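Subject: Handing over a structure, with notes

Dear colleague,

I am passing this structure on to you, together with some notes on what was found in it. Please have a look at the sequence and the structure first, and then read on.

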Amino acid sequence: MSATKEEISAFMALEFPQTKCVVEAVSEKGATLSHEIGINELRPGGTVSGPVMMAVADVAIYVAILGRIGIVPLTVTTSLTINFLRKPSANAHIIAECALMKVGRTLIVGEVSLYSEGSDDIVAHVVGTYSVPPKRIEG
C-alpha cells in the first residue's frame, strides 16, 4: 500500500506546513526532494547550515517511506547520521536523493545524497533509520 507524490505532498502541506521541502519524485524505492536556499538557511561563512541539510535529509527519508508503505503518520526517526563532505552553494537549491536500503516490518533504513542544484558533487551523505508503528488489529 504505497502513496503517490500527490498524496504525500497533500499530507505534508496539511501536517508539516512549515517545511520548505518540495517533493519532486516518489517511487517504491525512494524519493527526490528540493529545498530553496535563502538568507535564513545560511550560516556564517556563506554556506548552508547543517541543521537545514539534516532536516532536508530527514524529510526525504520520511517521504520515501510514505511512498513505499503509504501514509503512516507516526513513522518516526530513530537515528540519523550525516557526513558533511563539501561546502554547498549558498545560491542553489539543496537536492535530496533518497534510496531505501532496507524495508522491514518495524524498521526502515534509508540513504540520502544531498547536492547543490546544478552540481554532481555530493555535499553530504546521510543514513537514517525509522521506526514503523505496529499495525492495529481492529476487533
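This is a predicted model: local features need pLDDT of at least 70, side-chain atom pairs count only at pLDDT 80 or more; totals for chains, interfaces and linings use all residues.

Residues are numbered from 1 along each chain as its sequence is written, and side-chain values use heavy atoms, with hydrogens and water left out.

**The chain as a whole**

The secondary structure of the protein chain consists of 2 helices and 8 strands, where helices (H or I, at least four residues) and strands (E, at least two) are DSSP runs numbered from the N terminus. Followed along the sequence, these elements give the pattern α-β-β-β-β-α-β-β-β-β. The chain is as compact as a globular protein of its length, because its radius of gyration is 15 Å, close to the 14 Å that the globule rule gives for 139 residues; the radius is taken over C-alpha atoms, and the rule is 2.2 Å times the number of residues to the power 0.38. Along its principal axes, the C-alpha trace spans about 60 × 25 × 20 Å.

Of the 139 residues in the chain, 40% are buried, a word that here means under 20% relative accessible area, with exposed meaning over 50% and partly exposed in between (1.4 Å probe, protein chains only). Among the contacts with a separation of 6 or more, 61% are between residues 24 or more positions apart, a contact being heavy atoms within 4.5 Å.

**The core**

The largest nonpolar core has 35 residues, and those with the most contacts inside it are Leu33, Val63, Val112 and Leu114; such a core is a set of buried Ala, Val, Leu, Ile, Met, Phe, Trp, Tyr and Cys residues joined through side-chain atoms within 4.5 Å. At least two residues of this core come from each of helix 1 (5–15), strand 1 (21–26), strand 2 (30–35), helix 2 (50–69), strand 6 (94–103), strand 7 (107–116) and strand 8 (122–131). Helix 2 provides the largest share, 12 residues.

Val63 is placed in helix 2 and counts as buried, because its relative accessibility is 0%. Apart from neighbours within four places in sequence, Val63 is in contact with Ile8, Met12, Val23, Val26, Ala31 and Leu33.

Leaving aside neighbours within four places in sequence, His35 has contacts with Lys20, Cys21, Glu41, Val52, Val56, His93 and Ile94.

**The second largest pocket**

The second largest pocket holds about 260 Å³ of space. On a 1 Å grid over the protein atoms alone, a pocket is an open set of points where a 1.4 Å probe fits, with protein on both sides within 12 Å along at least five of seven lines, and lining residues have an atom within 4 Å of a point; grid points are joined across faces, edges and corners, and the volume is the space filled by probe spheres set on the points.

Of the 18 residues that line this pocket, Phe16, Thr19, Ala55, Asp58 and Val59 are the closest to its centre. Helix 2 and strand 5 (76–84) are the elements that give two or more residues to the lining, and helix 2 gives the most, with 6 residues. By class, the lining has 11 nonpolar, 5 polar and 2 charged residues, where Ala, Val, Leu, Ile, Met, Phe, Trp, Tyr, Cys and Pro count as nonpolar, Asp, Glu, Lys and Arg as charged, and the others, Gly among them, as polar.

**Residues in the loops**

Leu74 lies in the loop between helix 2 and strand 5 and counts as exposed, at 64% relative accessibility. Not counting residues up to four places away in sequence, Leu74 touches Ser131 and Pro133; the C-alpha atoms of Leu74 and Ser131 are separated by 8.6 Å, although the two are 57 residues apart along the chain.

Gly104, in the loop between strand 6 and strand 7, is partly exposed, with a relative accessible area of 22%.

With best regards
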